[in-house]
Amino acid sequence: MHPTYRESIQELIDGTIGAIRRAELERHLEDCAECRSFLADMEKLHDLSQTLDPIQPPDGVWLQIAGRLRQEGRVQAPPTPVPSRAPHYAMLAIAASLVLAVGIAIGLLVTQYRSPSAPAPAATTVSTPAAPGNTAEPVDVASVEAEFRLAEQHYQNAIAKLEQAARLDQAASGGSDNALDRDTAAMLQKNLQVIDQAIAESRAALKSEPLSASARDSLFDALKRKVALLQDTIALMNEMRKGNSAGAAQIVDGLNKS
Amino acid sequence: MATSKVTEHPSARAANPARTEEMALVERCRRGDLAAFEELYKAHAGKLFSVACRMLGNPADAEDLLQEIFLSAHRKLEGFRGDSALGTWLYRLATNHCLDYLRSRAARTSQVTDALDDERGNFEPERAGLAERSITKMDLERALAQLPDGCRAAFVLHDVEGLEHREVAEALGIAEGTSKSQVHKARLRLRSLLSGGS
């Protein structure tokens with residue numbers, strides 16, 4: 001073991017070693033296989049570190065940032081080419097904020113219900129034996145229903161605003177290509193119907209078995225899918241507004257696959 | 001060997017037409033143009049997310065922090081004068097956010113950032129050295145995530161990002177000698193981890 005030379009080897013890798021110590025190290029390396037091996041390891045590690053690839057953030061991060069900026073009033077709507085379209089942008093911003101709020105609300109609910117470490121509420125709690133695939137957690141039924149209704153209310157508000165935005169967009173464009181085209185609108189509508197059906201079925205299952213973890217999971221998964229669809233719809237409208245047909249096509253392609 | 005990514009000669013600013021474009025983009029962002037800020041985000045998010053991921057050792061934390069970094073950047077753009085490149089300015093902002101986060105995490109967990117043991121024997125691999133082994137980038141990423149916060153941050157800035165020890169010391173608020181010591185310890189620990197040691 002040669003601690004002094006190992007320090008010199010690290011400095012050699014750093015490019016900070018002086019000429020005298022470097023010469024001394026080189027003489028030592030000629031005779032010491034152990035230190036040569038150490039130098040080879042350090043060089044390999046250093047070279048590999050410099051080739052690490054960039055890590056791209058998930059797509060949703062930008063939507064979250066844009067939503068926060070809108071909510072805080074720190075960005076303004078882009079210039080409107082046609083004055084009558086102005087309400088559409090305002091509605092779009094509101095809808096985006098609402099969808100973000102719903103996403104957070106549902107995210108919190110999912111975390112609360114699914115987290116095994118969530119503290120048990122002090123109010124009416126019911127503990128049931130675990131069904132296969134389910135967890136037996138004490139659940140405050142009244143609290144669950146209240147939180148659920150609250151999320152549902154936000155959710156319905158967001159949907160109403162989105163629908164209003166879409167109607168304004170349609171009216172402002174007079175049915176031109178600036179609005180969502182009919183095929184895309186029909187596809188969005190169809191996807192919404194499928195998800196709504198899943199929500200209705202999950203809700204029915206939850207009604208018959210209020211403490212079923214799988215029914216809760218199904219419902220929240222369906223809600224999450226609907227929020228994701230609404231977010232995609234907003235992103236699609238934004239891309240079309242910016243005239244970015246490639247970006248819009250990419251989103252539509254994703255919707256077709258979902 | 002390491003090259004500086006922070007230091008820049010002042011004359012580069014006037015001679016660089018890209019800087020004029022940057023300032024125009026910044027000006028649009030200041031006026032509240034969301035599309036301009038999205039352009040800025042797309043140009044720099046990958047780089048900043050990579051640094052955050054590796055300094056924090058946790059992609060989920062890095063994702064949250066990236067949002068804070070860009071929201072903070074949007075607020076602070078008003079004070080950006082173009083004395084350094086926009087990327088450099090954002091990079092400093094990001095590393096400061098990462099450091100604040102690490103300090104806060106250390107305070108929460110009573111963790112000492114300089115906790116890596118000085119006993120060299122702890123990091124000696126029992127088997128063959130790295131030179132004889134096939135090591136992938138993924139292996140290195142995993143090993144990196146296992147390092148203590150302090151020496152991981154120094155290693156990422158020096159060996160991965162290419163900052164000099166003087167710049168690492170400035171960024172982390174430590175002495176230059178401490179930066180060297182932390183990077184060297186990180187390399188020893190990585191060597192041990194990648195050689196099959198603990």
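In chain B, helix α2 (residues 17-30) packs against helix α3 (residues 34-56) at an angle of about 130°, and their axes lie 7 Å apart. That angle makes α2(B) oblique to α3(B). Please keep in mind that this is a predicted model. The points below start with this helix pair, then turn to the cysteines, to one arginine of chain B and to chain A.

**The α2–α3 pair in chain B**

- Two packed helices are described by the angle between their axes and by the distance between those axes.
- The crossing of α2(B) and α3(B) is left-handed.
- On the α2(B) side, the residues that meet α3(B) are B:L25, B:R28 and B:C29.
- Their partners in α3(B) are B:A35, B:A36, B:F37, B:E39 and B:L40.
- Sorted by class, this contact has six nonpolar residues, two charged ones and no polar ones.

**Cysteines**

- A disulfide is a covalent bond between the sulfur atoms of two cysteines.
- Searching the whole structure, over all chains, turns up zero disulfides.
- B:C53 is in no disulfide, and the nearest cysteine sulfur, that of B:C98, is 9.3 Å away; a disulfide would need the two sulfur atoms within 2.5 Å.
- B:C53 has a relative accessible area of 7%, so this cysteine is buried.
- B:C29, which takes part in the contact of α2(B) with α3(B), counts as buried because its relative accessibility is 1%.

- B:R152 sits in helix α7 (residues 149-160) of chain B.
- With a relative accessible area of 3%, B:R152 is buried, the cut-off being under 20%.
- Leaving aside residues up to four places away in sequence, B:R152 touches B:R54, B:M55, B:L56, B:G57, B:L102, B:R105, B:L144, B:A145 and B:L147.
- B:R152 and B:A186 are 34 residues apart in sequence, while their C-alpha atoms are 6.5 Å apart in space.

**Chain A as a whole**

- Chain A has nine helices and two strands.
- Starting at the N terminus, the elements of chain A follow the order α-α-α-α-α-β-β-α-α-α-α.
- Chain A contains 258 residues, and 38% of them count as buried.
- Taking the contacts in chain A between residues at least 6 apart in sequence, 65% join residues that are at least 24 apart.

Notes. Residues are numbered from 1 along each chain as its sequence is written. Chains are lettered from A and ligands numbered from 1 in the order in which they are written. This is a predicted model: local features need pLDDT of at least 70, side-chain atom pairs count only at pLDDT 80 or more; totals for chains, interfaces and linings use all residues. Side-chain values use heavy atoms; hydrogens and water are left out. Axes are lines fitted to C-alpha atoms, for helices over the stretch in contact, and angles run from 0 to 180 degrees between N-to-C directions. Helices (H or I, at least four residues) and strands (E, at least two) are DSSP runs, numbered from the N terminus. Angles under 35 degrees count as roughly parallel, over 145 as roughly antiparallel, 65 to 115 as roughly perpendicular and the rest as oblique. A crossing is left-handed if the near helix is turned anticlockwise from the far one by less than a right angle, and right-handed if clockwise. Contact means heavy atoms within 4.5 Å. Ala, Val, Leu, Ile, Met, Phe, Trp, Tyr, Cys and Pro count as nonpolar, Asp, Glu, Lys and Arg as charged, and the others, Gly among them, as polar. Buried means under 20% relative accessible area, exposed over 50%, partly exposed in between (1.4 Å probe, protein chains only).
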